[in-house]
Amino acid sequence: MTNIINELLERRIIAVLGKGGVGRTSVSGALAMLAAGRGLRTLAIETDPQTPLAAGFGKRPGFAPRRLAANLWGMFLGGQESLEDYLGKVVPRPILRIVFGSSIYQHFVSAAPAVRELMMMGKIYDAIERRPSNEPRWDVIVLDTPASGQALSMLRMPFVARERFGESLVGREADQVARFFRDRALCAMVAVTTAEPLAVAETLELSRALDQLDLEVAAVVFNRRSPAMFEAVDVARMVRRATRESALRHLDYFADVARSELKRKNREARALEVLRRQIGAPHIVLHERRGLAESALLADLTRQLADSAASPLSFEFGTQPSS
Ligand SMILES: Nc1ncnc2c1ncn2[C@@H]1O[C@H](COP(=O)(O)OP(=O)(O)OP(=O)(O)O)[C@@H](O)[C@H]1O
Ligand SMILES: [Mg+2]
């Protein structure tokens, strides 16, 4: 079935991007749960040191993938140890021993976020492309990126490094990583937003910045859409009745509430329209679930995605197999 959600799940990496607080982690979790529910071997990579995704399963992820649920593993990206493990695969051992032992390296890594970002990108590439042959491959990796600015500087790094380092070891590695992320059959960039004006503005900016890197927004997730409770005609009818029948004066109050709901709905529709016009990618709408949090919210968003993909889920929520 060709549907944007099904198409996303055919890629090896889904990078979830967006402004702080729009729901990147929730959407990443839901996409990962949906993938796992379909029997895909799924790895959720988090970059937030609080590791909220794994915490939702009562686990602390390590530098190596740790099982969170059926078909679902979690990993934290960013710790120095995991990055050095990656370097070990790229740089010959004897050289590496000298590098790690040098105070210049220690200084370099802590002083230059660029080096860390480059290694983070390499580590993701590594998880797909340099998987030991005796270990099963990941069907899909969902990457919960840091908020927009930081995510962009991380995504930009292989492109910068291959220019800077040319034909050297680092340059060649950066080139492979950059090509990998640009390959639209393998990697999808998903921009999460809400109707909030700042979030919409940042999403447009993000899409332009990705465009400059020749990275494409594969889909926009419009999160926290409020439920449609009233239509304009309902409000008009209510006001007419309230003025006609003096016994129903209290309807004025409800009419006010309805009017402000209507205004919000219109604001959301306009935001969606702007995004649709300016970013050509398909949109996935997820509804606001007031009062739901953590695993209940995750289950609900997963179900919303599954409904949008119009395919039944074969996954039981809340099952936590031992790791
Ligand atoms: N559709 C939704 N309905 C209700 N609450 C939601 C929805 N999506 C996200 N939330 C809530 O919004 C808050 C922010 O979500 P989340 O942590 O996923 O965002 P984030 O973009 O990862 O934030 P951060 O920038 O802090 O990493 C959380 O409390 C989450 O429960
Ligand atoms: Mg988050």
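Helix α10 (residues 197-212) and helix α12 (residues 251-278) have axes that come within 11 Å of each other and cross at roughly 5 degrees. Helices here are DSSP runs of H or I with at least four residues, strands are runs of E with at least two, and both are numbered from the N terminus. The axes are lines fitted to C-alpha atoms, for helices over the stretch in contact, and the angles run from 0 to 180 degrees between N-to-C directions. Two packed helices are described by the angle between their axes and the distance between the axes. Angles under 35 degrees count as roughly parallel, over 145 as roughly antiparallel, 65 to 115 as roughly perpendicular and the rest as oblique; α10 and α12 are therefore roughly parallel to each other.

The model is predicted: local features need pLDDT of at least 70, side-chain atom pairs count only at pLDDT 80 or more, and totals for chains, interfaces and linings use all residues. Residues are numbered from 1 along each chain as its sequence is written, while chains are lettered from A and ligands numbered from 1 in the order in which they are written.

The residues that join the two helices can be named. From α10, Val200, Thr203 and Leu204 meet Ala271, Val274, Leu275 and Gln278 of α12. Two residues are in contact when their C-beta atoms, placed from the backbone, lie within 7 Å. Sorted by class, this contact of α10 with α12 has 5 nonpolar, 2 polar and no charged residues. In this sorting, Ala, Val, Leu, Ile, Met, Phe, Trp, Tyr, Cys and Pro are nonpolar, Asp, Glu, Lys and Arg are charged, and the others, Gly among them, are polar.

The protein as a whole may now be considered. Its secondary structure comes to 13 helices and 8 strands. Of its 323 residues, 37% are buried. A residue is buried if 20 or more other C-beta atoms lie within 10 Å of its own, exposed if 12 or fewer do, and partly exposed in between, with C-beta atoms placed from the backbone. Among contacts with a separation of 6 or more, 71% are between residues 24 or more positions apart.

The buried residues of α8 include Leu155, Met157, Pro158 and Phe159. After α8 comes Gly166, with a positive phi near 45 degrees.

Asp214, in the loop between α10 and β7 (217-225), has a phi near 65 degrees. Because 11 C-beta neighbours lie inside 10 Å, Asp214 counts as exposed. Arg224 likewise has a positive phi, of about 65 degrees, although it is not a glycine. Arg224 lies in strand β7 and, with 20 C-beta neighbours inside 10 Å, counts as buried.

Met75 lies in strand β4 (residues 72-76) and is buried, since 23 other C-beta atoms are within 10 Å. Leaving out residues up to four places away in sequence, Met75 touches Leu43, Ile45, Pro61, Ala64 and Pro65. Thr47 is 28 residues from Met75 along the chain, and their C-alpha atoms are separated by 8.8 Å.

Ile4 belongs to helix α1 (residues 4-8) and, with 19 C-beta neighbours inside 10 Å, counts as partly exposed. Beyond its neighbours within four places in sequence, Ile4 is in contact with Ala219, Pro282 and Ile284. The C-alpha atoms of Ile4 and Ser308 are separated by 9.1 Å, although these residues are 304 apart along the chain.

Pro136 is placed in the loop between α7 (113-129) and β5 (140-144), and its 7 C-beta neighbours inside 10 Å make it exposed. Its C-alpha atom is separated by 8.6 Å from that of Arg41, 95 residues away along the chain.
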